[in-house]
Amino acid sequence: MTNGWPDNSPDRLEDICVQFCATNIETFAAKNETSGQYHLQEGITLPKSICDKLLKALVDIKPSTVHENFTIFSDTARSQLSSICLRKSKIDDKCLKLLENQPIVDLELSNCQELTRESLKTINKFQHTLKSVRIEGRSIFYNCDENPNVLDESAVLECPNLRTLCIQDYDFNNPDDLVLSTFLLTLPRLTHLDLSNCGLCAEHVTSFQSLPQLRSLNLSNVMKEDVNDTDNKQLLEHIGQLKALRHLDISVADDPVKFLQPDITLSDLVSALPQLVSLDISGTNLPGYEKFTPVSHQLHANSPQNCDEEEECCIVGLKGRRFKFLGLLDCLHDPCFRENLPAEQVTGHGTEDQVLLSVQRYQDRSVMLCSALNKLFHLFQAGVVSDQCKALECLLEGMHRHPADPHVQISGSASLFYIAKGDQKENLTQKQKRKVIDLVLDGMEAFSSEKKMMRNGCLTLFCLYFR
């Protein structure tokens, strides 16, 4: 490492070979002319350590056609998968069924629109090994045949060893709907539950008490703007019954959520959760107002009676508590600028560290990511970003995860321009330059009608190699 930048070393030979095989599949697989599908050539067995990397490379290169290559992994004696991410691929029920004998541990099926509730049967075949599942989109848990907007009561995950479950963009809003409660009863060992962007009633939170090992709960964008704050307060009261929680996310994007008594509401919540060490309240007014008290810093520093006293917490509702992480991005009244924040790490826009942590932490949330990227851009404009390597890696990852979001692409490319023309550009490695070029060109191709994207892309490429 040089000043925080990685060494400019070439890719590992294994990674080069995997990439070559993924782009030249005929090197190890033969195509069946009748079905058009690929199978491993006779005498070839893929090492277990290679299979996950190969599938990831196939997905990254062209997610829209990765389903055509799934027969490569149908023979578990010759290929074994443990972690698969099929985000936005065209995989269907038939393709996923080809993997039903694989010892899958981690599974992501985000926005795979071709899947239906039939795929739950295949997922349940992984029940002895499956530890983590991430599902976004509407298809798998909905009764697509009869009513695409109604949850299917027979849609149940039978994976008793599951530890982490992420279900996003589903509607459980009816308090009389027992689908969620029934669903969770089959997952007794769950420790991490993510229901962000889901329509959820306060009554549903009571069903979380059937998860005795639950330690992390993500309800981002579940609370809604409520003039009387009754529903949101009831939701928080039910959350307060989950005494073993260590991480809680009740952040909100877009419209801020306001409580009538934010200090008392926050204090009651954290008092009910004694083991909480990580809390995200971004996009709310829960940090309250800062009570400004003029202080002579010189007198404070020299005053003996103040030397051993703890400095007062700047968030009234968190008085007496200290956290490892505290999310304050886009909170009302900008609490991220206050002194004596009660956390080791904080998201917000008060400092460079806060902004970079925001970009890093909200990679999967396009709205919050966009907000953080805009704040990072303003820091680059002001010329105050010192850790440009971390900024670059966060930018590249965010743009990679949201190729179809023009706001992420435009905001990200604007900051890339400042890195490409800055005084640290000589530290960029060839790998980083290649990623920048690939992502910028992809963004320009996807949003060729966006003048800002085209301008940012052209300037970035020019500065990277010619300036």
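How many aromatic pairs does a search of the whole structure find? The search finds four, where rings of Phe, Tyr and Trp (for Trp, its six-membered ring) count as a pair if their centres lie within 6.5 Å. The structure is a predicted model, in which local features need pLDDT of at least 70 and side-chain atom pairs count only at pLDDT 80 or more, while totals for chains, interfaces and linings use all residues. Residues are numbered from 1 along each chain as its sequence is written, and side-chain values use heavy atoms, with hydrogens and water left out.

One aromatic cluster is formed by Phe377, Phe380, Phe417 and Tyr418. Elsewhere, the charged end of arginine 361 sits over the ring of phenylalanine 325, at 3.5 Å from the ring centre; a charge is said to sit over a ring if NZ of Lys or CZ of Arg is within 6 Å of the ring centre and within 35 degrees of the ring normal.

Helices are DSSP runs (H or I, at least four residues) numbered from the N terminus, and their axes are lines fitted to C-alpha atoms over the stretch in contact, with angles from 0 to 180 degrees between N-to-C directions. Helix H11 (residues 352–361) packs against helix H13 (residues 388–401) at an angle of about 25°, with the axes 9 Å apart. H11 is therefore roughly parallel to H13, a term for angles under 35 degrees. In this contact (heavy atoms within 4.5 Å), Leu356, Val359 and Gln360 of H11 take part together with Lys390, Ala391 and Cys394 of H13. These residues divide into four nonpolar, one polar and one charged, where Ala, Val, Leu, Ile, Met, Phe, Trp, Tyr, Cys and Pro count as nonpolar, Asp, Glu, Lys and Arg as charged, and the others, Gly among them, as polar.

H13 is also approached by helix H12 (residues 366–382), the two axes coming within 12 Å and crossing at roughly 145°. Here Leu369, Leu373, Leu376 and Phe380 in H12 meet Gln388, Ala391, Leu395 and Gly398 in H13, and the contact has six nonpolar, two polar and no charged residues. Phe380 of this contact also belongs to the aromatic cluster.

The axes of helix H15 (residues 430–446) and helix H16 (residues 451–465) come within 9 Å and cross at roughly 155°. H15 is therefore roughly antiparallel to H16, the term for angles over 145 degrees. Residues of H15 including Val436, Val440 and Met444 meet residues of H16 including Met453, Gly457 and Leu461, and by class the contact has 11 nonpolar, three polar and one charged residues.

Conventions: Helix = DSSP H or I, 4+ residues; strand = E, 2+ residues; numbered from the N terminus. Parallel < 35°, antiparallel > 145°, perpendicular 65-115°, else oblique. Phe/Tyr/Trp six-rings, centres within 6.5 Å; stacked < 30°, edge-to-face > 60°.
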